[in-house]
Amino acid sequence: PRRDDCPWDKDALGRSTWGLLHTMAATFPNEPSSQQQNDIKGFFHILSRLYPCEYCAKDFRKELKEHPPQVKSQQELSQWLCKLHNKVNVKIGKPEFDCSKVNERWRDGWLDGSCD
Ligand code: FAD
């Protein structure tokens, strides 16, 4: 079977989860309603209680408590999430991502046209 057709390990799960989360942030409204703001906050809090990597989820919950989701606009949410992801990157020895490029990576495609 293909690798994806077997149970996912922590890394496969992490990659796919980050993909969903960054794409949700990339498509979040510029002027979200209060319902949309509450929904996205609730989504992150529930995810942090159920995320199926227990020690990842524990740090995730601590992080959310110290730095609650910033949900007033697409820009705010994407930047908040980029910083959260960078904290995990640092913790596990991966390079930090340049958050000024987060909309190129997850929303618009790279300026050099390589995603067109
Ligand atoms: P990933 O980190 O999965 O990133 C996928 C892609 O996102 C990258 O290729 C890059 O293009 C882009 N990217 C990278 N950084 C950023 C950023 N800051 N902002 C925007 N885009 C970015 N693993 C552990 O070992 N220990 C943990 O405690 C842990 N906690 C996690 C907590 C959460 C909430 C999640 C979702 C995952 C966690 N993981 C943890 C998994 C880990 O973060 C990675 O997903 C996994 O190691 C696979 O890494 P990767 O190199 O494929 O890239």
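Sorted by class, the shell around the ligand holds 10 nonpolar, 6 polar and 7 charged residues; here Ala, Val, Leu, Ile, Met, Phe, Trp, Tyr, Cys and Pro count as nonpolar, Asp, Glu, Lys and Arg as charged, and the others, Gly among them, as polar. Before we go on, please keep in mind that this is a predicted model, in which local features need pLDDT of at least 70, side-chain atom pairs count only at pLDDT 80 or more, and totals for chains, interfaces and linings use all residues. Residue numbers start from 1 along each chain as its sequence is written.

Let us stay with the ligand for a moment. It is surrounded by 23 residues, and the closest are Gly 14, Cys 56, Cys 82, His 85 and Phe 97; a residue is near a molecule if its C-beta atom, placed from the backbone, lies within 6 Å of it. Two or more residues of this shell come from each of helix H1 (10-26), helix H3 (54-66), H4 and H5. The largest share, 7 residues, belongs to H1. Helices here are DSSP runs (H or I, at least four residues), numbered from the N terminus.

The largest nonpolar core is made of 8 residues: Ala 25, Phe 28, Val 71, Leu 77, Leu 81, Cys 82, Val 102 and Trp 106. In soluble globular proteins, nonpolar side chains tend to be buried together. Phe 28, one of the core residues, touches Ile 40, Gln 74 and Leu 77, leaving out residues up to four places away in sequence; contact means C-beta atoms, placed from the backbone, within 7 Å.

H4 deserves a walk along its axis. Its 18 residues should span 26 Å at 1.5 Å a residue, and its end C-alpha atoms are 26 Å apart, which agrees; the expected span is 1.5 Å times one less than the number of residues. Leu 77, Ser 78, Leu 81 and Cys 82 are buried in H4, where buried means 20 or more other C-beta atoms within 10 Å of a residue's own, exposed 12 or fewer, and partly exposed in between, with C-beta atoms placed from the backbone. These four cover an arc of only 130° around the axis, so they sit on the same side of H4; the arc is that of the directions from the helix axis to the C-beta atoms. The buried residues of H4 pack against H1, helix H2 (34-50) and H5, while the face turned away from the buried side carries the exposed residues Val 90 and Lys 91. After H4 comes Gly 93, whose phi is positive, near 80°.

Asn 89 is also found in H4. It counts as partly exposed because 13 other C-beta atoms lie within 10 Å. Setting aside neighbours within four places in sequence, Asn 89 is in contact with Lys 94, Pro 95, Glu 96 and Phe 97.

Finally, look at Asn 38 in helix H2, which counts as exposed because it has 12 C-beta neighbours inside 10 Å. Asn 38 and Val 71 are 33 residues apart in sequence, with their C-alpha atoms 8.4 Å apart in space.

Conventions:
Core = buried A, V, L, I, M, F, W, Y, C linked by C-beta atoms within 7 Å. Contact = placed C-beta atoms within 7 Å.
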